[in-house]
Amino acid sequence: MKLSKRSEIDRRTFLGMGLGAVALPILGFTGGADALTAERRVRLRELGIVIGDLQPGEHNAITDVVGVKVGHVTLINGEGPLVEGEGPVRTGVTAILPHGGDLSRSPVFAADFTLNGNGELTGMGVVRRTGLLGAPVLFTNTSSVGAVYDGAMGWMLERNPDLFKGGLRPEPAVGETWAKFLHDTTGRHVRPDHAVQAINAASGGPVAEGCVGGGTGMRAYGFKAGIGSASRMVPCGDQVYTVGTLVQANFGRRPQLRVDGVPVGREITELMPERGGKTKSMLAVVATDAPLIPSQLQRVCKRVALGMARTGAISTPGSGDLVLAFTSGNRLEADEAPAAHFFEMLTDRCLSALYKGVVEATEEAILNSLTMADTMVGRDGNTIHALPLYRLVEVMRAHGRLK
């Protein structure tokens with residue numbers, strides 16, 4: 001099968017492809033026995049689309065930063081007309097843990113950044129005052145912030161009954177984006193125990209993406225989106241540091257979408273969300289093992305905005321574009337004397353490379369949230385279509401961007 005010309009691959013051909021010796025190198029698939037079908041979603045690099053030139057980590061995910069764990073609880077229930085308090089339900093919780101120990105007793109350096117503030121990310125008062133994160137980070141939908149905070153706080157108190165007796169007094173960092181187009185937001189279907197389940201499910205390794213956890217009801221650029229992640233290995237002298245991002249993408253209009261600089265959104269004009277609606281916001285967590293102090297981490301946070309912009313985002317006045325960054329490279333150990341702590345600090349000589357890693361990983365994480373998400377039907381039959389991978393490949397090939 002020849003696939004060198006744009007006209008020689010159509011939807012039926014793409015969806016019918018198996019893992020043939022000719023098709024796979026062109027599309028960028030490298031292994032596995034599954035046929036490429038409408039149900040099989042893949043990450044951006046598996047399509048032969050490579051963002052930037054820094055190398056990703058083993059899993060190309062935030063969990064490539066040693067100790068970082070991610071867990072999801074996904075809630076999908078019901079269909080048909082909205083009945084407030086009953087459903088349909090299209091939501092969940094995503095939990096990010098900086099390490100597997102007791103965060104309240106062994107916090108990490110952290111900072112946050114608000115690109116546009118029409119949204120919520122709790123617990124930032126403590127982070128801004130102390131430069132420390134001593135709690136899980138969790139993402140959900142707008143009406144469920146309180147329940148998730150309650151569940152996470154209970155989990156923390158169970159692990160450390162003396163949580164409020166020390167000087168830090170950390171709070172869960174709970175972020176939200178708007179899922180009402182698909183979800184019974186008023187019904188508040190997320191319970192505190194769902195947050196605990198997401199935290200307890202957190203693990204290292206590959207990260208589930210797309211319509212999972214807090215990203216279940218989300219979309220970006222008029223396509224189904226949700227959770228996405230990516231990582232980069234950053235050289236600095238004889239050291240190599242890792243930086244990873246995880247996003248909950250829920251923003252952008254179709255004509256804005258760009259993939260590796262290609263105006264994909266202007267070329268894929270079909271499959272618009274049925275019944276209309278708008279999205280505005282993005283949540284992002286950046287993790288690294290580079291030894292940074294809070295002022296440097298805030299500068300790292302700001303580079304997420306550049307990764308967003310490379311996909312076409314403009315951060316509208318109604319957006320809640322909120323970022324939190326932390327490092328496992330500087331961490332207070334529980335058994336250290338509280339009177340004095342000594343830390344390393346990366347010099348500015350290496351920060352440019354780290355910033356580049358954040359920009360590339362953020363861009364790829366957003367695009368992974370699109371390529372991994374499935375079409376979803378929610379309340380009142382509202383439908384958000386998945387980005388058609390066969391069309392994405394077609395457009396990128398036409399622009400000479402497949403690797």
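# Working chat on a predicted model

Biologist: Where is the place of Asn60?
Modeller: Asn60 sits in the loop between α2 (23–27) and β1. Helices (H or I, at least four residues) and strands (E, at least two) are DSSP runs, numbered from the N terminus. This is a predicted model, in which local features need pLDDT of at least 70 and side-chain atom pairs count only at pLDDT 80 or more, while totals for chains, interfaces and linings use all residues. Residues are numbered from 1 along each chain as its sequence is written, and side-chain values use heavy atoms, with hydrogens and water left out.

Biologist: What is phi of Asn60?
Modeller: Positive, about 50°, although Asn60 is not a glycine. Most residues other than glycine have a negative phi, and most peptide bonds are trans.

Biologist: Is Asn60 buried or exposed?
Modeller: Asn60 is buried, with a relative accessible area of 7%. Buried means under 20% relative accessible area, exposed over 50%, and partly exposed in between (1.4 Å probe, protein chains only).

Biologist: Which other non-glycine residue has a positive phi?
Modeller: Tyr221 is one, with phi near 55°. Tyr221 is in the loop between β7 (219–220) and β8 (223–224), and counts as buried at 0% relative accessibility.

Biologist: Now peptide bonds. Which residues does a cis bond join?
Modeller: Gly87 and Pro88, with omega about 5°. Pro88 is found in the loop between β1 and β2.

Biologist: What is the strand order in the open sheet of four strands?
Modeller: The order is β1-β2-β5-β6, and the pairing is mixed. At the edges are β1 (69–77) and β6 (173–177), each pairing on one side only. Two strands pair if DSSP finds at least two bridges between them.

Biologist: How far are neighbouring strands turned against each other?
Modeller: By 15° on average, with direction ignored. Axes here are lines fitted to C-alpha atoms, for helices over the stretch in contact, and angles run from 0 to 180 degrees between N-to-C directions.

Biologist: How many bridges join β5 to β6?
Modeller: Five, and strand β5 (residues 137–141) runs parallel to β6. Val137 has Ala173 of β6 as its bridge partner, and Thr140 stands opposite Glu176, also in β6.

Biologist: And between β2 and β5, how many bridges?
Modeller: Three, in the antiparallel sense. Ala95 is bridged to Leu138 in β5. Five of the five residues of β5 are buried.

Biologist: Which strands does α4 touch on the sheet?
Modeller: α4 packs on the sheet against β2 (89–97), β5 and β6, and its direction makes about 150° with that of β5. Contact means heavy atoms within 4.5 Å.

Biologist: Where do α4 and α5 stand: how do their axes cross?
Modeller: The axes of α4 (residues 145–159) and α5 (residues 192–200) come within 7 Å and cross at roughly 55°. The two helices are therefore oblique to each other. Angles under 35 degrees count as roughly parallel, over 145 as roughly antiparallel, 65 to 115 as roughly perpendicular and the rest as oblique.

Biologist: Which residues meet there?
Modeller: On α4, Ala147, Val148, Asp150, Gly151, Ala152 and Trp155; on α5, Pro192, Ala195, Val196, Ile199 and Asn200. By class, the contact has eight nonpolar, two polar and one charged residues. Ala, Val, Leu, Ile, Met, Phe, Trp, Tyr, Cys and Pro count as nonpolar, Asp, Glu, Lys and Arg as charged, and the others, Gly among them, as polar.

Biologist: Different topic. What do β9 and β10 form?
Modeller: A hairpin with two residues between the strands; Gly237 in the turn has a positive phi of about 60°. Strand β9 and strand β10 (residues 239–250) pair in the antiparallel sense over 10 bridges, with Gly228 opposite Val247 in β10.

Biologist: How many residues of β9 are buried?
Modeller: Eight of the 10 in β9 (residues 227–236), so mostly covered.

Biologist: What is Glu364 in contact with?
Modeller: Leaving aside neighbours within four places in sequence, Glu364 contacts Leu44, Arg45, Ile51, Asn60, Ala230 and Arg232. Glu364 lies in helix α8 (residues 348–371) and is buried, with a relative accessible area of 0%.

Biologist: Last one. Which helix holds Val304?
Modeller: α7 (residues 294–310). Val304 is buried at a relative accessible area of 0%. Not counting residues up to four places away in sequence, Val304 touches Met282, Ala284, Val286, Val323, Val358 and Thr362.
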